[in-house]
Amino acid sequence: MAGSADLFAALIELADDQLILGHRLSEWSGRAPILEEDLALSNLALDLIGGSRNIYTYAGLVEGKGRDEDDLAYMRLEREYLNCLLVERGNDDFAQTMLRQLYFAALMQPYWQAALASNDETIRGIAGKAVKEMAYHVRHSAEWVIRLGDGTAQSAEKMQAAVVEMHPFTEELFTMSEAARACAKAGSLPDRESLRAEWSRTIASVFEQALLTVPEVRFPQSGGRQGRHGEEMGHILAELQYVQRTHPGLTW
Amino acid sequence: MVSLATNDRAALAWEVAASVPDPEVPCVTVADLGILRDVRFEGDVAVARVTPTYSGCPATLAIELAIETALLEAGFQARTERVFSPAWTTDWITEEGREKLRAYGIAPPVSGSNSIRALFGETVVACPKCGSDDTEKLSEFGSTACKAQYRCIACREPFDYFKCI
Ligand SMILES: [Zn+2]
């Protein structure tokens with residue numbers, strides 16, 4: 001059995017990834033290029049934010065200090081957020097948004113699939129929902145990556161530029177922190193490294209159809225899992241935490 | 001305060017909770033959808049257990065409040081409990097629920113669909129208006145998390161499809 005401190009930290013990594021990516025997607029609400037896509041991105045954002053609520057709630061229980069989902073989502077300092085850098089990257093254009101989603105979901109679908117075999121009942125329950133949701137996150141983002149990659153000269157150029165920009169951030173998806181390692185050993189959470197081959201297969205298959213090439217990454221970017229974030233993170237938290245910081249102790 | 005024999009009390013509480021309509025798809029009840037798992041008594045308190053459809057379903061809280069309110073109005077002390085495991089699947093929608101959805105103009109989920117496994121697998125969805133299989137998907141995402149938008153080629157009617165998960 002992993003210590004509760006390890007499980008807490010590993011759950012926070014998972015919840016922070018979902019909250020921050022969900023927040024990023026929610027920034028498209030009312031701004032997407034077409035109505036269907038506006039609904040789609042809002043739906044994907046809801047899945048991620050809803051999932052993060054369940055994980056934060058469980059993390060709070062595991063920690064045993066009385067913190068609830070709101071305390072964990074809104075009342076921590078930037079260095080205490082453990083999301084990977086990929087999810088905090090800006091939306092930039094549609095190509096980058098869809099590629100970021102594909103990179104993330106292509107790992108999290110097999111991740112939650114593996115988590116169905118966790119020895120922790122709450123994690124199995126959360127995984128049971130998430131695995132189905134991640135499957136259509138992969139499907140939806142892959143469709144767009146293919147449509148844009150194998151589209152017009154301009155869309156293909158933007159898609160390939162997004163690949164060059166975002167690919168260096170994918171390595172951190174597989175980072176195993178000490179806490180994550182302890183949980184994998186204890187059988188409560190999956191080993192990310194063991195899912196790399198499946199992730200690579202999914203990406204390769206989509207890229208082949210999208211006529212994209214995987215760039216050689218010389219300088220993989222990481223730091224988020226240690227709480228070291230990029231400049232964007234401060235901007236996200238300023239918006240995300242505004243209400244709670246301005247009116248401490250507020251209730252809905 | 002309701003005072004009934006224990007079995008009657010449990011049956012009545014179930015009856016009350018089960019008749020609560022889904023706030024987003026009001027043609028079906030929470031029991032039709034299979035999200036109301038059971039109602040048990042802890043002492044004098046009726047505890048209704050609810051499983052959310054989607055992780056981020058914004059209706060979950062509204063559903064829990066509606067069930068609690070219905071039980072309170074029927075004279076029970078009540079609370080709800082959220083259970084995640086096992087995860088809800090559209091297979092839990094009852095036969096009656098499927099019929100109600102169809103009658104309402106929403107195509108019910110296709111049982112045993114391959115939509116989880118296949119990356120681009122398409123499911124054949126019959127039009128709830130004319131029954132034709134000649135339909136096309138307009139968008140995998142609709143007005144609520146649980147629905148997709150389709151169009152019938154035969155009768156030209158657009159309709160919602162209750163996605164299979
Ligand atoms: Zn029709």
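**Reading the model term by term**

Modeller: Let us begin with one residue. Beyond the residues up to four places away in sequence, Ala32(A) touches Glu37(A), Asp38(A) and Leu41(A), where contact means heavy atoms within 4.5 Å. This is a predicted model, in which local features need pLDDT of at least 70 and side-chain atom pairs count only at pLDDT 80 or more, while totals for chains, interfaces and linings use all residues. Residues are numbered from 1 along each chain as its sequence is written, chains are lettered from A and ligands numbered from 1 in the order in which they are written, and side-chain values use heavy atoms, with hydrogens and water left out.

Colleague: Why is Ala32(A) called buried?

Modeller: Buried means under 20% relative accessible area, exposed over 50%, and partly exposed in between, with a 1.4 Å probe and protein chains only. The relative accessible area of Ala32(A) is 15%, so Ala32(A) is buried. Ala32(A) sits in the loop between α1 and α2 of chain A. Of the 252 residues in chain A, 57% count as buried.

Colleague: What makes chain A as compact as a globular protein of its length?

Modeller: The radius of gyration is taken over C-alpha atoms, and the globule rule is 2.2 Å times the number of residues to the power 0.38. Chain A has 11 helices and 0 strands, where helices (H or I, at least four residues) and strands (E, at least two) are DSSP runs numbered from the N terminus. Its radius of gyration is 18 Å, close to the 18 Å that the rule gives for 252 residues, so chain A is as compact as a globular protein of that length.

Colleague: What is the volume of the largest pocket, and which residues are closest to its centre?

Modeller: The volume of the largest pocket is about 1,200 Å³. Among its 36 lining residues, Arg53(A), Asn54(A), Thr57(A), Glu69(A) and Arg82(B) are the closest to the centre. On a 1 Å grid over the protein atoms alone, a pocket is an open set of points where a 1.4 Å probe fits, with protein on both sides within 12 Å along at least five of seven lines; lining residues have an atom within 4 Å of a point. Points are joined across faces, edges and corners, and the volume is the space filled by probe spheres set on them.

Colleague: Which element gives the largest share of that lining?

Modeller: The largest share, 10 residues, comes from α2(A).
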